[in-house]
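Me: Please take a close look at the cavity in this structure and what lines it. After that, go on to the aromatic rings.

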Amino acid sequence: MIDKTTPPRQGWLSRFAPGVRKIVGRRDTPDNLWVKDPASGEMLYRPDLETALWVTPSGRHMRIGAEARLRYTFDDGAWEKIDTPDVPEDPLKFSDGKPYRERLNAARKKSGAKDAMAIGYGEIDGTPAVVIVQDFTFMGGSLGMAAGEAFIAAAREAVKRGCPMVCFTAAGGARMQEGALSLMQMARTTLAIQELKAAQLPYAVVLTDPTTGGVTASYAMLGDVHLAEPGALIGFAGPRVIETTIREKLPPGFQRSEYLQEKGMVDRVVKRADLPKELGAILSMLMGGRRRAA
């Protein structure tokens with residue numbers, strides 16, 4: 001029979017002065033201290049992954065934000081930030097079960113950015129350049145009015161400074177909440193590239209994972225040079241959509257960087273750590289000759 005008058009047994013720590021438990025108690029481990037490799041499933045220590053530029057031991061080039069991309073690209077991680085233009089928000093008063101304004105606010109809170117594009121000016125392996133980065137973490141890097149205006153601003157800044165422009169693409173396509181206004185950015189960004197060509201300034205594109213939809217159908221494929229990170233998904237429609245449409249199995253590696261290089265759509269597949277040197281050499285060569293863009 002259990003004596004209910006006996007106080008419950010407590011651990012040895014309870015015999016010490018109050019408050020000691022809090023000092024030596026278990027510390028919570030940050031949720032993001034370990035990151036899973038999407039390719040191998042291996043758990044990776046986040047600081048080690050950051051040191052490796054977010055490239056896993058299996059060779060998977062993970063998606064990174066705009067600030068990290070600019071830091072990795074410019075010499076000594078130093079660049080001048082160029083502000084992106086303001087645009088009217090939610091001109092269509094769109095709602096897909098949740099108001100577009102709420103989705104924008106949530107994306108801004110999550111990413112800390114105003115929209116999907118970020119612009120910087122600095123030197124890439126000694127060559128001055130304007131770099132615009134598309135951030136997939138902001139609503140899938142979708143192309144809307146803000147992204148279109150940012151691209152145009154970057155192109156005109158490059159013309160103003162007389163330097164080349166580099167675009168890192170990462171997008172799921174046009175932003176549906178802006179309807180036809182988002183599709184108009186395909187034409188507007190194409191005209192901005194023509195301003196670079198008229199000024200005889202190089203325009204280089206680095207295709208990262210993923211680059212799809214209207215972005216692929218416009219400024220992502222209009223560069224003088226097209227580089228791509230290893231394993232990046234690049235295409236217009238996704239593989240599953242294509243397979244469903246044509247009712248055929250696609251070949252291995254279809255729409256990946258290496259496959260597109262083999263087929264001539266990508267000039268070179270370059271590892272992330274080698275991109276600054278590769279870009280610097282290409283831009284320096286093109287600027288040295290002041291070659292008219294094709």
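Reply: The largest cavity has a lining of 14 residues, and those nearest its centre are Ile64, Arg69, Ala170, Thr208 and Asp209. A cavity here is a set of points, on a 1 Å grid over the protein atoms alone, where a 1.4 Å probe fits but cannot get out; lining residues have an atom within 4 Å of a point. The model is predicted: local features need pLDDT of at least 70 and side-chain atom pairs pLDDT 80 or more, while totals for chains, interfaces and linings use all residues. Residues are numbered from 1 along each chain as its sequence is written, and side-chain values use heavy atoms, with hydrogens and water left out.

The largest cavity holds about 90 Å³ of space, a volume being the space filled by probe spheres set on the grid points, which are joined across faces, edges and corners. The structure has 2 cavities of 30 Å³ or more. At least two lining residues of the largest cavity come from each of β5 (127-134), β6 (165-171) and β7 (203-211); strands are DSSP runs of E, at least two residues long, and helices are runs of H or I of at least four, numbered from the N terminus. The lining comprises 6 nonpolar, 3 polar and 5 charged residues. In this count Ala, Val, Leu, Ile, Met, Phe, Trp, Tyr, Cys and Pro are nonpolar, Asp, Glu, Lys and Arg are charged, and the others, Gly among them, are polar.

A polar atom of the threonine 73 side chain lies 2.7 Å from the backbone oxygen of arginine 69. Threonine 73 belongs to helix α3 (residues 66-73) and counts as buried because its relative accessibility is 4% (buried is under 20%, exposed over 50%, partly exposed in between, with a 1.4 Å probe and protein chains only). Leaving out residues up to four places away in sequence, threonine 73 touches Glu123, Ile124, Phe168 and Pro276, where contact means heavy atoms within 4.5 Å.

As for the rings, the whole structure contains 5 aromatic pairs. Rings of Phe, Tyr and Trp (its six-membered ring) pair if their centres lie within 6.5 Å; planes under 30 degrees apart are stacked, over 60 edge-to-face and the rest tilted. Tryptophan 34 and tyrosine 45 form a tilted pair, 5.3 Å centre to centre with 50° between the planes. Tryptophan 34 is in strand β1 (residues 34-36) and tyrosine 45 in strand β2 (residues 43-45), so the pair ties together parts 11 residues apart in sequence. Phe151, Tyr203 and Tyr219 form one aromatic cluster.

Definitions and conventions: A polar contact is a pair of N or O atoms within 3.5 Å; within protein, one must be able to donate a hydrogen and the other to accept it, and residues adjacent in sequence count only if both atoms are side-chain atoms. On a 1 Å grid over the protein atoms alone, a cavity is a set of points where a 1.4 Å probe fits but cannot get out, and a pocket is an open set with protein on both sides within 12 Å along at least five of seven lines; lining residues have an atom within 4 Å of a point.
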